[in-house]
Amino acid sequence: MTRFDYSALHDFATNLAVKLKLPGDRAEIQSDVLLEADLMGHTTHGLALLPGLLGGLESSAIRVSGEPEVLSDKGSAVMWDADRLPGTWLMTRAIREARARLTQHPVMTIVIKRITHIAALGAYLRQATDHGLIILIMNSDPSMRTVTPAGGAQPQLAANPLAFGYPTNGDPILIDISSSAVANGWVRRWAAEGKHLPGQWLLDAQGNPTDDPNALFGNPRGAMLPLGGLDMGHKGFALGLIVEVMTAGLSGLGRADGLSGDAGTPVFIQLIDPAAFAGGEALKREAGWLADACRATSPRPGVSKVRMPGDTALASRKAQLKDGVALYPTIMPELKKWADKLGVSIPGQLAA
Amino acid sequence: MSDRASSAERYSYSALLDFATALGEKLDMPPAMARVQAEIFVEADLMGHTTHGLNLLPNALKEIQSGQLQTAGEPTVVSDKHAAVLWDGNRLPGTWLVVSALEEAMRRMSETPVIAWVIRRSGHVGALSPYLLRASRAGYVVTMMTTNPNMRTVVPAGGKDPLIAPNPIGFGYPTQREPILIDISTAAVANGWIRRWASEKRSLPEKWLQDSEGNLTDDPAALFGSPPGALLPLGGPLLAHKGFALGLMVETLTGGLSGVGHTGIPADAGNLVYLQLVDPAAFVGHDLFVQDTSALAEQCRISRPRPGFDSVRMPGDMALALRHKQMSEGIDLYPSIMPDLVKWASKLGVAPPQPIV
């Protein structure tokens, strides 16, 4: 696998966006968030998204300047209209805003509509957990229908991810799960690589369960099952509805409007300050104890060890900051096209 | 969760409510508290949650008698920042504590549109749906999570030994018609069902358990063996990390925020509860909110079912239809429930209700 120096990649990604008129500070934040995903090993949601974002900047589908419109502000409950502002920058800005208000409002909720691609939800969590805070992020896409209701054959919802982070007295716990049996990006990659899914997580166009990733992209196309699969899909469907209601429902950017993909998506961000409850130390103690107890428990046959959500990602992050970022092989060739077009030099690979 | 037994006897809603209230009052529960407890338990039976309704009353009565459950006093306010509240429940009945918190949170909504309320050392809260119904019918989006740190039945993803409880997530929201009511455990299946399947000697529909060696099994008895087996998280063997993650989220918002989790657990830790209310009026507005939630629900209900299913249902559809029916025709009480309650009725000198003929 080819490796690149973190800061060289960061400069490269920033330069590409700046060439397309994204202001420098916003481009820096975009690079922070995308590279954080690659560092954590979320290789479908890091620099792999940059070509699409550059396309959006070029076509003005992404609005490079201006501020979000404040639609409602009740102190602890805020709603913004992003009108296609850059997702990575605006998410970071919203989390900062929520943090600043926490002493007065220990449970802060910000709902944003019409935001452009926010990349990996998990890449934002440390912006709260590093400050001893709990964070919940949900995102849906009313223009996308890929996941069926439980018992249904027709897709009605998107993969509706939910991310949740909290501090411990060791590393933070970083959760980022989709409410579908599997996320879109993985199905696409498995299809491209001619692999089968590990389980029957899809339905074909007739509604029959299958492990063939191509079923999702056929004509007529198939659908993804909700988390829980064939037997317990009502739970994943319920989770998808929770995400839908907190994002599309609260923002008014829902399916009732019949939106196109260019309209952006709705996002829900909530920060909780444990100081307003039993205190930050109590939270870290409890959360740390449980995390250590889980890690120390013996694994079941066939599993090498029990990991907490985020353990693998944080270990990968640490290793890649030191040894260089191992970019997924399909990423740099795509970025090279943009680099050539915009006259930006490509970072050199690190020696193997 | 609804499972109606054909041999069940039916009782009128009001007769069951009066009966359950009278039993509580006989053990010196204040009348309002006894009434709330009865309302919440009977509401669960109305909606078909037969393991978490009046089925829980005998144990609640036993705990009152033994002093494990208190019937006098108030919760201690550990912290109140208006939008963020922590109560120590002092082992008062969970039904009473949650309804009190819910009513106070709803009073605060116009000023504080998002409120998170945590309760530690609460008595058993029962099913989540009865509370969800109250809040969502009042127009709010409600989240409710509970855990019991003394109950360890669910393994971490990939682990052999159980460390957490089935940690349910409840979520309710209004539409233009009936609300949507979600009540899911973050385990592959809830404890109550395993217990019932075990007593009826039935296998589980899938391998949702591990025996004490960590091998996957569909035998419910594995959970109660010595050494005991464990429940898998939601997602089963392949996707257990997602259910485990949800279980941890519940742990954090209940045990983490209340400071009573797994370190030095008091034996009387009871239920830990996280309750959150959101007023859509502070965001898009109530009317547009319910317009959108109704449109989504309708789209799902009219969408084509997959082979083997009659129709697509929204969470709560069956429970609310059953509630409507049982309200007028009487409640099918699960057969094991009334015999247990009759023992208490004779002991306390309360006349049991007559079944509807």
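Two strands pair if DSSP finds at least two bridges between them. The exercises below apply this idea, and others, to a predicted model.

**Exercise 1. Pairing of two strands in chain B**

Task: Determine in which sense strands E4(B) and E11(B) run, and name the bridge partner of Ala116(B) in E11(B).

Solution. 
Step 1. Strand E4 of chain B covers residues 114-122, and strand E11 of chain B covers residues 271-278.
Step 2. Seven bridges join these strands, and at least two are required for a pair.
Step 3. E4(B) and E11(B) run antiparallel.
Step 4. The partner of Ala116(B) in E11(B) is Gln276(B).

**Exercise 2. The sheet of chain B**

Task: State the order of the strands in the seven-stranded open sheet of chain B, and identify its edge strands.

Solution. 
Step 1. The order is E2-E3-E4-E11-E5-E6-E7 in chain B, and the pairing is mixed.
Step 2. E2 and strand E7 (180-185) of chain B are the edge strands, each pairing on one side only.
Step 3. On average, neighbouring strands of this sheet are turned by 10 degrees against each other, direction ignored.
Step 4. Val77(B) stands opposite Trp87(B) in E3(B).
Step 5. The hairpin of E2(B) and E3(B) has three residues between the strands, and His82(B) in this hairpin takes a positive phi near 70 degrees.

**Exercise 3. The sheet of chain A**

Task: Explain why one side of strand E2 and one side of strand E7 of chain A are left without a neighbour in the sheet.

Solution. 
Step 1. Chain A has an open sheet of seven strands in the order E2-E3-E4-E11-E5-E6-E7, with mixed pairing.
Step 2. Strand E2 (69-73) and strand E7 (173-178) of chain A stand at the edges and have a single partner strand each, so one side of each has no neighbour in the sheet.
Step 3. From one strand to the next, the twist averages 15 degrees.
Step 4. Helix H7 (residues 229-251) of chain A lies across several strands of chain A, including E3, E4 and E11, and runs at about 100 degrees to E11(A).

**Exercise 4. The interface**

Task: Which element gives the largest share of the side of chain A that touches chain B, and how is that side divided by residue class?

Solution. 
Step 1. In the interface, 70 residues of chain A are in contact with 70 residues of chain B.
Step 2. The elements of chain A that give two or more residues to this side are E3, E4, E6, E7, H7 and helix H8 (280-296).
Step 3. H7(A) supplies the largest share, 13 residues.
Step 4. The side of chain A that touches chain B has 42 nonpolar, 20 polar and eight charged residues.

**Exercise 5. Two packed helices**

Task: Describe how helices H1 and H3 of chain A are arranged.

Solution. 
Step 1. Two packed helices are described by the angle between their axes and the distance between the axes.
Step 2. The axes of helix H1 (residues 6-19) and helix H3 (residues 50-58) of chain A come within 9 Å and cross at roughly 20 degrees.
Step 3. Angles under 35 degrees count as roughly parallel, and H1(A) and H3(A) are therefore roughly parallel to each other.
Step 4. The crossing of H1(A) and H3(A) is right-handed.
Step 5. Ala13(A), Leu16(A) and Ala17(A) of H1(A) make the contact with Leu50(A), Leu54(A) and Leu57(A) of H3(A). The residues of this contact divide into six nonpolar, no polar and no charged.

How values were computed: Residues numbered from 1 in each chain as written. Chains lettered and ligands numbered in written order. Predicted model: local features only at pLDDT ≥ 70, side-chain atom pairs only at ≥ 80, totals over all residues. Helix = DSSP H or I, 4+ residues; strand = E, 2+ residues; numbered from the N terminus. Axes fitted to C-alpha atoms, helices over the stretch in contact; angles between N-to-C directions. Contact = placed C-beta atoms within 7 Å. Nonpolar A, V, L, I, M, F, W, Y, C, P; charged D, E, K, R; others polar. Parallel < 35°, antiparallel > 145°, perpendicular 65-115°, else oblique. Left-handed = near helix turned anticlockwise from the far one by under 90°.
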